[in-house]
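Trainee: Could you walk me through reading salt bridges and helix packing in a model?
Mentor: Gladly, let's open it up.
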Amino acid sequence: MQSIKNFFERNQKGIVIISFILLFCIGLVNFSFIFVVNATSNDECLWEPKKISKDSVAIYFEKVKINGVTWKAGIRDGDQLIAINKIKLKDIWQAQRILNKYNTGEFALYTIKQGDKLIDTKVEIKKLIQIAQFAFMLMAQIWLVIGFVVLMARPNGYIQRLFYKISAAYIILFTSLYFLGTSKDLNPLLFVVLDYVWTIGGFFASFLILRFFWSFPKPFKFAEKKWVKNFLRLAPVILIIAAYIVRHIFVYPYSGFNTISLAIIGIINLLILIALIVGLISLYINYFRIKNKIERKPIYIILVAYTIGILSLLYTNLVAPAISDTVFNSPEYYTPILMMALIPVAFGYSIFRYQLMDVSIVVKNAIIYGAATITVASAYFLVIYLLGQGISQAIGTQYQGIIAGIIFIIFALVFQSTKDRFQNFLTEKFYPEQFAHQKVLVKFSNEVTSIVGLENILDKTFDTFTSALRINNFGIMVRDQNNGDLKVVRSKGMTNTDLRVNQSAIYSFVQQKSSLSKLPVIEREDFPAVFKEKSSVLEENEIYTIVPMIIKTKIVGLLLFGLKHSGAQFSHEDTELLNAVASQAAISIENARLYEAEKQKISIERDLDLARKIQQSLLPSGIPKINRLDICGQMIPAMQVGGDYYDLIKLSDSKIFVVVGDVSGKGLSASLYMAKLQTMIQLACTPDKTPKQILVEINKRLYESLERSWFVTMTLALFDSSANTVKFCRAGHMPLITANNGSIDSYKSRGIGIGLESGSIFESSLVEEEVQFKSGQIFAFFSDGITEAMNEVNELFGEDKLSELLRNKSNKTSSEVMNDIWKSLTLFRGRAEQNDDMTMVLVKVI
């Protein structure tokens with residue numbers, strides 16, 4: 001389905017041309033039926049059918065024109081028509097078909113009944129053209145030609161398509177002419193096919209008229225509602241299906257074009273009349289909605305012609321029958337219906353004269369620039385010819401070929417530059433607004449590349465379109481760095497700027513246009529498909545054209561345009577220039593963002609470098625010497641600075657505090673908290689305090705200064721080599737692991753992190769433990785960066801592996817054991833990046 005749609009989109013203009021040729025030919029055939037095939041034979045009277053039995057109808061003469069052809073044949077009102085050319089008549093349709101076979105001036109033999117007498121008399125036959133059919137067909141054919149030019153100017157335009165479809169529907173409707181007088185001679189299958197075709201055109205015509213005049217020149221809000229749109233699309237389909245069902249029951253089983261068919265035509269004519277009147281009323285309302293006199297002028301011309309056309313239609317249907325005998329006796333009373341053709345003529349004049357629907361620019365460009373090019377080319381050829389002749393006469397004809405070649409090369413080089421300058425001159429004189437736009441936008445494209453800073457670029461873009469080009473409704477939307485949505489950052493004349501748009505639908509639209517080699521410009525008729533429910537907000541802000549700012553396949557933002565200062569919508573030629581400017585603006589905006597990102601990256605790197613320096617400065621500069629204890633500590637920082645911290649605070653030759661902590665969060669803030677924590681720890685670690693008392697004191701001091709989303713986990717241990725004991729308390733930190741030859745113990749005493757609670761709950765959660773140690777025993781304090789280290793398949797290193805590395809290491813020093821652990825970790829991780837600091841302190845009892 002999508003491939004078929006893409007085919008039609010890609011070959012739009014070719015399809016339009018083919019459809020126009022086909023419809024135009026059908027229109028010519030329709031005219032031939034009106035003037036030749038279906039020219040009604042007229043005997044200047046009225047036939048009145050009267051039912052005399054179930055299967056029998058008598059035909060009586062009424063309103064016989066005095067001194068008319070029937071009068072001269074001796075026929076009077078009230079006489080009965082029995083037969084024509086000795087063919088006994090069953091109904092008036094049969095009589096008319098027989099009569100239609102005669103040409104003008106020929107005589108038909110009537111068998112009539114006057115009183116009780118049967119009389120044969122010859123009646124001269126005249127031909128009557130159906131003026132109403134001719135008027136509507138003329139209107140449709142003119143509308144088709146104008147609609148073709150309109151649609152070729154803007155094949156994707158919603159209004160342009162509707163305008164063209166109206167003429168197509170009318171021409172298809174008038175294929176019903178093929179049935180009048182010929183249905184008996186048609187092949188049954190062809191009869192059904194043609195019957196289906198004209199019914200489609202008939203029912204669609206009225207609803208297309210409504211859709212057009214509810215959108216032109218400005219759309220009505222109620223017509224934008226979903227249920228109204230669905231009604232206008234579905235109603236003709238439902239009526240067509242209903243008409244088909246009725247035909248299959250009452251028409252197709254019987255031969256001919258009967259009263260049911262005429263009733264359906266009557267319904268279609270009524271719907272079209274109602275649609276035309278509603279369209280006129282809608283145009284009047286729209287005319288008075290337009291405040292600008294310049295915008296009103298072309299609509300006024302259409303309105304006058306439309307009013308005259310509708311009045312002529314009403315006159316023909318209501319007044320003419322009342323003041324004349326019949327159309328057969330007084331056809332001149334029905335000729336005002338021809339004024340219906342003024343409607344498309346007025347449209348054509350307004351379109352070409354006042355640039356409605358972007359058509360006049362296309363036509364004027366073709367005429368003016370084409371004439372200019374031909375003029376310049378002719379002048380150059382004339383000069384070259386005269387110059388060549390002069391040189392040939394001066395130096396001889398033997399060099400004429402060489403001279404011609406040289407002059408042709410000079411012509412090719414000079415002609416292009418002269419033609420371009422001449423076209424620029426014509427643009428300035430004939431299209432001052434377009435020339436001014438072009439000049440301003442070219443200047444903007446040259447200047448925007450040298451502007452530094454996103455805000456400055458946005459300001460320059462905004463000022464260019466609002467001040468220099470004097471656009472009253474304009475907006476700029478750029479990508480939100482947080483969620484990727486497009487948001488309004490600059491606006492003028494927009495009453496509702498609370499607008500955020502997801503990029504996905506726009507990206508799909510741009511990709512589709514790109515695949516069709518078309519500009520990715522979003523016109524108002526595309527809004528519902530691209531922006532869904534947000535389209536009403538754009539229409540409320542009187543936005544008509546949206547040009548995406550694209551760099552490669554990335555949507556940087558959107559430029560939202562209302563109408564030009566002149567009140568006209570941006571044409572296809574305008575959007576080509578706007579698209580080029582949008583691309584240049586996109587590059588500048590993206591460069592500005594990259595510059596800001598690089599600047600921010602440098603700032604972050606500077607902060608990280610400072611954080612690393614702070615973190616390293618907090619670590620012990622050396623390992624204190626404690627009797628009977630072999631101590632080793634090390635921290636391996638990750639690329640992104642974390643909050644790991646360890647400290648060794650010596651109290652005496654036999655006593656030392658070992659501290660391992662982890663501040664939640666990363667970066668400079670975590671480093672600053674670590675610095676603050678170290679100061680507090682070093683001041684609090686005195687000989688008279690236990691680890692629990694110190695942690696309770698630290699929590700009270702740190703709680704008020706920590707942000708609520710931050711906390712610190714910590715293990716604090718006091719080693720006393722003289723008493724062979726270690727007291728330790730854990731505040732939400734990793735467990736303490738001890739290795740005594742082959743046995744492993746893990747201490748996971750209770751305790752919550754520092755900073756999570758202000759006092760009593762924190763204190764009651766802490767459990768302080770004291771254990772005896774022996775010679776050869778190893779105590780391991782570590783951060784979660786070790787046990788949660790991951791390899792390439794996202795497996796954790798875990799406590800079990802760490803415990804195994806500590807087992808049976810009594811014969812090694814603490815430094816040797818730590819080196820084994822680091823080597824094992826490195827081997828385990830492989831190529832996986834280190835995502836957290838890894839900190840460890842080992843204390844081995846000698």
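Trainee: Is D653 buried, partly exposed or exposed?
Mentor: Keep in mind that this is a predicted model. Buried means under 20% relative accessible area and exposed means over 50%, so D653, at 47%, counts as partly exposed. K650 is also partly exposed, at 40%, and its side chain meets that of D653 in a salt bridge, 3.3 Å from N to O.

Trainee: How many salt bridges are there?
Mentor: The count comes to 16. Among them is a network that links E455, D459 and R490.

Trainee: Which partner does K126 have, and what does the pair tie together?
Mentor: K126 pairs with E44, with the closest N and O atoms 3.0 Å apart. K126 sits in strand 8 and E44 in the loop between strand 1 and strand 2, so the bridge joins parts 82 residues apart in sequence. K126 is partly exposed at 34%, while E44 is buried at 7%.

Trainee: And where do R247 and D195 lie?
Mentor: R247 belongs to helix 8 and D195 to helix 7, so their pair ties together parts 52 residues apart in sequence. The salt bridge spans 2.6 Å, N to O. R247 is buried at 0% relative accessibility, and D195 is buried at 0% too.

Trainee: How are helix 8 and helix 9 oriented to each other, parallel or antiparallel?
Mentor: An angle over 145 degrees counts as roughly antiparallel. The two axes come within 10 Å and cross at roughly 165 degrees, so helix 8 and helix 9 are roughly antiparallel. The contact includes R247 and F250 of helix 8 and L271 of helix 9. By class, it has 7 nonpolar, no polar and 1 charged residues.

Key: Residues numbered from 1 in each chain as written. Predicted model: local features only at pLDDT ≥ 70, side-chain atom pairs only at ≥ 80, totals over all residues. Heavy atoms only, no water. Axes fitted to C-alpha atoms, helices over the stretch in contact; angles between N-to-C directions. Helix = DSSP H or I, 4+ residues; strand = E, 2+ residues; numbered from the N terminus. Parallel < 35°, antiparallel > 145°, perpendicular 65-115°, else oblique. Contact = heavy atoms within 4.5 Å. Nonpolar A, V, L, I, M, F, W, Y, C, P; charged D, E, K, R; others polar. Salt bridge = Lys/Arg side-chain N within 4 Å of Asp/Glu carboxyl O. Buried < 20%, exposed > 50% of the residue type's maximum accessible area, 1.4 Å probe, protein only.
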